[in-house]
Amino acid sequence: MIIDYFWPELEYLGLDSMWFQQDGATSHTAHVTIDLLKNKFDERVISRNGPVDWPSRSCDLTPLDFFLWGYVKSFGYANKPTTLEELKANIEREIAAVSAEMCGRVMENWVQRIDRCKRARGGHMSEVEFHA
């Protein structure tokens with residue numbers, strides 16, 4: 001998947017200064033996967049088993065985890081789809097409905113979360129901070 005789909009999508013962006021952040025899923029942190037990513041991103045891979053460790057509680061720092069999946073899930077199941085096709089259509093509709101303005105607000109929140117992580121020096125952060 002990485003070779004066939006991900007690399008072609010990224011080639012036109014120029015990878016020289018891009019960093020890659022990986023979540024902690026076992027398949028994502030397998031040595032073969034990390035080695036493949038390091039071939040493209042060199043030491044700019046943030047991941048468990050990677051050159052740069054991803055801080056604990058990463059779900060609080062990953063926009064897909066702290067925003068997108070919950071947002072899509074809340075609307076994707078709202079009309080109680082009864083078929084896989086209905087569920088897929090709901091998911092596609094809700095992802096398409098995410099506006100640039102909403103993404104901007106999520107990224108502003110992400111910057112605040114990263115700042116809190118830096119102030120805590122990568123240590124434990126109160127749950128309350130992430131629900132403000």
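Reader: Why is Asn49 called partly exposed?

Author: In this predicted model, Asn49 has a relative accessible area of 40%, and since buried means under 20% and exposed over 50%, the value falls in between, so Asn49 is partly exposed. Asn49 is placed in the loop between β2 (45–46) and α4, and its phi is near 70 degrees, a positive value in a residue other than glycine. Most residues other than glycine have a negative phi.

Reader: What makes Lys80 count as exposed?

Author: Lys80 has 66% relative accessibility, and because exposed means over 50%, Lys80 is counted in that class. Lys80 lies in the loop between α4 and α5 (84–96), and Lys80, although not a glycine, has a positive phi of about 50 degrees.

Reader: Why is Ala25 called partly exposed?

Author: The relative accessibility of Ala25 is 30%, which lies between the limits of 20% and 50%, and therefore Ala25 is partly exposed. Ala25 belongs to the loop between β1 (20–21) and α2 (26–29), and its C-alpha atom is separated by 9.0 Å from that of Arg48, 23 residues apart along the chain.

Reader: How do you know that Trp7 and Phe41 form an aromatic pair, and why is the pair called tilted?

Author: The ring centres of Trp7 and Phe41 are 6.1 Å apart, and because rings pair if their centres lie within 6.5 Å, the two qualify as a pair. The angle between their planes is 55 degrees, and as under 30 degrees counts as stacked and over 60 as edge-to-face, the pair is therefore tilted. Trp7 in helix α1 (residues 2–11) and Phe41 in helix α3 (residues 31–41) are 34 residues apart, so that the pair links distant parts of the chain. Ring pairs also link Phe6, Trp7, Phe20 and Phe41 into a cluster.

Reader: What makes Trp7 and Phe41 buried?

Author: Trp7 has a relative accessible area of 9% and Phe41 one of 0%; because buried means under 20%, both residues are buried.

Reader: How do you know that α4 meets α6, and which residues take part?

Author: Contact means heavy atoms within 4.5 Å, and on that basis Pro63, Phe66, Phe67 and Tyr71 in α4 meet residues in α6, including Met102, Val106, Trp110 and Arg113. By class, this contact has eight nonpolar, one polar and one charged residues. Helix α4 (residues 63–76) and helix α6 (residues 100–119) pack at an angle of about 145 degrees, with their axes 10 Å apart, and their crossing is right-handed.

Notes:
Residues are numbered from 1 along each chain as its sequence is written. This is a predicted model: local features need pLDDT of at least 70, side-chain atom pairs count only at pLDDT 80 or more; totals for chains, interfaces and linings use all residues. Side-chain values use heavy atoms; hydrogens and water are left out. Axes are lines fitted to C-alpha atoms, for helices over the stretch in contact, and angles run from 0 to 180 degrees between N-to-C directions. Helices (H or I, at least four residues) and strands (E, at least two) are DSSP runs, numbered from the N terminus. A crossing is left-handed if the near helix is turned anticlockwise from the far one by less than a right angle, and right-handed if clockwise. Ala, Val, Leu, Ile, Met, Phe, Trp, Tyr, Cys and Pro count as nonpolar, Asp, Glu, Lys and Arg as charged, and the others, Gly among them, as polar. Rings of Phe, Tyr and Trp (its six-membered ring) pair if their centres lie within 6.5 Å; planes under 30 degrees apart count as stacked, over 60 as edge-to-face and the rest as tilted. Buried means under 20% relative accessible area, exposed over 50%, partly exposed in between (1.4 Å probe, protein chains only).
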